[in-house]
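Morning, everyone. I have one model to walk through today. Please look at the sequence and the structure first.

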Amino acid sequence: MTISSAALLLFLILDPLGNIPVFLGLLKPLPAPRRRVVLARELLIALGVLMVFLWGGKYALELMHLRQESVSIAGGIVLFLIGLRMIFPRPEGLMGEMPGGEPFIVPMAIPLVAGPSGMAAVMLMGSNEPDRLMDWFATAAILFSATVLYRFLGTRVLIAIERLMGMLLVAISVQMFLDGLGAYLQGAP
């Protein structure tokens, strides 16, 4: 996987533009100064989770006796479902009903930024090329400028971008599934 394809894959999986409306909705009840603190905390938690999967994913796979092919297939399926939800959103949002109060870990850090497909993707990248997590910084920058981007782009453009990213994620998920299945079939006795 080239640097540009890994960067694009992570950028699409982390979906910062699609997360802007969700993040703004979750942070709306909080006072303005507290929003940035909560956003920074959630992004650092997500980064920590992704780093654990990046560096420890290979060992976790060995501990659970899982092959990379099974993680690729499972990641493809989860990514497919998330992509479908982005294309055909539900009234309760991308991740379902959200509990009230200040978000902590769920749903902002996990699963919106560091979701199952992101964890699976960095786990696979970490086992092959362990230095590919720089896209998190682009995601963080986009989410920190969410209010400005939301005002500049508007609701319709962000919805269109989210649906487009959903379609791309569906295509990427099918490819992940097929790659995992192909690798499994080649290694089958």
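First, a caution. This is a predicted model. Please keep that in mind for every value I quote.

Now the chain. Read from the N terminus, the order of elements is simply α-α-α-α-α-α-α-α.

Next, burial. The protein chain has 189 residues, and 41% of them count as buried. The exposed surface comes to about 10,100 Å². Carbon and sulfur atoms supply 71% of that area.

Contacts, then. Take the contacts between residues at least 6 apart in sequence. Of these, 88% join residues at least 24 apart.

The largest share is from H8, with six residues.

Let me pick one patch member. Ile 77 sits in helix H4. Its relative accessible area is 42%. Why is Ile 77 called partly exposed? Because 42% falls between the cut-offs of 20% for buried and 50% for exposed.

Stay on helix H4, and go to Glu 69. Buried or exposed? Glu 69 counts as buried, because its relative accessibility is 17% and the cut-off for buried is under 20%. What is Glu 69 in contact with, once neighbours within four places in sequence are set aside? Gly 180, Ala 183 and Tyr 184.

Last residue. Leu 44 lies in helix H3, which spans residues 32–63. The relative accessibility of Leu 44 is 55%. That is over the 50% cut-off, so Leu 44 counts as exposed. Now find Ala 109. How far apart are Leu 44 and Ala 109? In sequence, 65 residues. In space, 8.1 Å, C-alpha to C-alpha.

Glu 69 is buried. Ile 77 is partly exposed. Leu 44 is exposed.

That is my tour. Over to you.

Key: Residues numbered from 1 in each chain as written. Predicted model: local features only at pLDDT ≥ 70, side-chain atom pairs only at ≥ 80, totals over all residues. Heavy atoms only, no water. Helix = DSSP H or I, 4+ residues; strand = E, 2+ residues; numbered from the N terminus. Buried < 20%, exposed > 50% of the residue type's maximum accessible area, 1.4 Å probe, protein only. Contact = heavy atoms within 4.5 Å. Areas by Shrake-Rupley, 256 points an atom, 1.4 Å probe, with all protein chains shown as cover.
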